[in-house]
Amino acid sequence: MSRRTWHAHAMRHWLRDLRSGADHLPDASVLLDRDDRARWFNRAAQRLLGLTRPHDRGIWLPGRWEGSELGDWLRDGTLRPAGDIAAPVSGGPRLGVMLLPLRAHFRVLLARDNSPINRIEQMRRDFVANVSHELRTPLTVIHGYLELLDADDVPALAPVIGEMRVQSRRMGQIVEDLLTLSRLETQQDMVGEHVAMAPLLATLLREAEALSQGRHQITLQHEANADLCGSSKDLHSAFSNLVSNAVRYTPSGGRIVIAWRASADGAEYSVSDSGYGIPADHLSRLTERFYRVSSSRSRETGGTGLGLSIVKHVLGLHQAQLRIESVPGAGSSFHCVFPAVRVRREGGDEG
Ligand code: ADP
């Protein structure tokens, strides 16, 4: 065998091994040329992306996946990975996809079956919901008996009974917040009630004043002639969490401003305070469950550590964003930015 033939032979073997290796990968991989045609794909791509050999070799992929989420993502042309899109095959799984750039404008499309991770996520959600649900009844019983105990009968135990009542109420609030989060997590979309902002803002101001008990200077700036479309119960819960945080994390004598303004492409509800503020390195983690900058301050003021997590979920279901600005020692502002699709004419009918 000549040296040249030997090389060609070795290359063929090497290529076959490489292809067979790629065929055993659990993730789909597709080699795209500069015109987005499929040059090569592995076996998992047949299963997850519906490609067939030899029919789809050389096929223009945006056209092949026309009308599917994957087709839209590919046409979009950005190299931004997508975490959860539908497989372009009927009854297929949800996929995580990404495009890796190669030389000469070639790209590799990688797609991973999200089913295992989704199953674990579902188990986590069910576990939290079930535990919270199971804790609710015993807690109600304990709470009920504690309310029946009269501290005057045993004065020596009065402080103990008082503390037990506070802690059982706190546990009850944690369980209720966890159940709220479980419901919000499993909810796919939001009801479209007309949410009148004027009475809601008036309620929030009253709640802030009741919580503050005269310790802060609280103002309401109602500047937008606009209402919202969504769930009034959940929006109230999110907005009042921000109000309650402003009161709890602002020392006496501080200022709190609740504002409702129209923005260039929607409307914005915000709560600003002149309180303790939050160091920048904590900001990105604030909406995680039980994440606190200072556990002791949160507990002392009756926090459950779940408020901002609830805010984030409620806003997500309304396609709104939470923006946080804070300067330690100077104060914080929490902005809920609603897109135009969620904004309605004030007092108007459902649109
Ligand atoms: P918590 O019940 O602990 O207040 P949240 O989820 O509402 O839980 O808030 C998470 C953490 O974010 C709080 O523990 C606190 O450290 C910080 N935080 C929230 N709002 C403010 C605020 N207005 N000023 C300063 N810190 C805040």
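Let's start with helix H7 (residues 197-212), which lies across E6 and E8 and runs at about 90° to E8. Keep in mind that this is a predicted model.

The strands under discussion belong to an open sheet of three, in the order E6-E8-E13, with antiparallel pairing. At its edges stand strand E6 (193-195) and strand E13 (343-345); each has a single partner strand, so one side of each is left without a neighbour in the sheet. On average, and ignoring direction, neighbouring strands here are turned by 40° against each other. What holds strands like these together? Strands of a sheet pair through backbone hydrogen bonds, either parallel or antiparallel.

Zooming in on one pairing, E6 is joined to strand E8 (residues 226-230) by three bridges, and the two run antiparallel. Here you can find Val195 standing opposite Leu228 in E8.

## How the chain is divided

Stepping back, the protein splits into three domains: domain 1 (3-113), domain 2 (121-185) and domain 3 (190-345). How far apart are the centres of domain 1 and domain 3? Taken over C-alpha atoms, 45 Å separate them.

Arg4 has its place in helix H1 (residues 3-23). With 74% relative accessibility, Arg4 counts as exposed. Between the C-alpha atoms of Arg4 and Ile120 there are 53 Å, and the two residues are 116 residues apart along the chain.

## A sheet of five strands

There is also an open sheet made of five strands, and its order is E2-E1-E5-E4-E3, with antiparallel pairing. Strand E2 (38-41) and strand E3 (82-86) are the edge strands here, each pairing on one side only. Neighbouring strands in this sheet are turned by 30° against each other on average, direction ignored.

Follow E3 to its partner and you reach strand E4 (residues 94-101): the two pair in the antiparallel sense over three bridges. One spot to look at is Ile85, whose bridge partner in E4 is Leu95.

## Rings that meet

Now for the aromatic side chains. How many aromatic pairs turn up in a search of the whole structure? The search finds three. One of them is Phe239 with Tyr269, a stacked pair at 3.9 Å centre to centre, with 20° between the planes. This pair links distant parts of the chain, since Phe239 is in helix H8 (residues 232-248) and Tyr269 is in strand E10 (residues 266-273), 30 residues apart. Both Phe239 and Tyr269 are buried.

Why does the pair of Trp260 and Phe338 count as edge-to-face? Their ring planes stand at 75°, with the centres 6.5 Å apart, so the pair gets that label; the cut-off is over 60 degrees. Trp260 lies in strand E9 (residues 255-263) and Phe338 in strand E12 (residues 331-339), so this pair ties together parts that are 78 residues apart in sequence. Are these two buried or exposed? Trp260 is buried, with a relative accessible area of 0%, and Phe338 is buried too, at 1%.

Put together, ring pairs link Phe239, Trp260, Tyr269 and Phe338 into a cluster.

Technical notes:
Residues are numbered from 1 along each chain as its sequence is written. This is a predicted model: local features need pLDDT of at least 70, side-chain atom pairs count only at pLDDT 80 or more; totals for chains, interfaces and linings use all residues. Side-chain values use heavy atoms; hydrogens and water are left out. Rings of Phe, Tyr and Trp (its six-membered ring) pair if their centres lie within 6.5 Å; planes under 30 degrees apart count as stacked, over 60 as edge-to-face and the rest as tilted. Helices (H or I, at least four residues) and strands (E, at least two) are DSSP runs, numbered from the N terminus. Buried means under 20% relative accessible area, exposed over 50%, partly exposed in between (1.4 Å probe, protein chains only). Two strands pair if DSSP finds at least two bridges between them. Axes are lines fitted to C-alpha atoms, for helices over the stretch in contact, and angles run from 0 to 180 degrees between N-to-C directions. Contact means heavy atoms within 4.5 Å. Domain bounds come from an automatic or database domain assignment.
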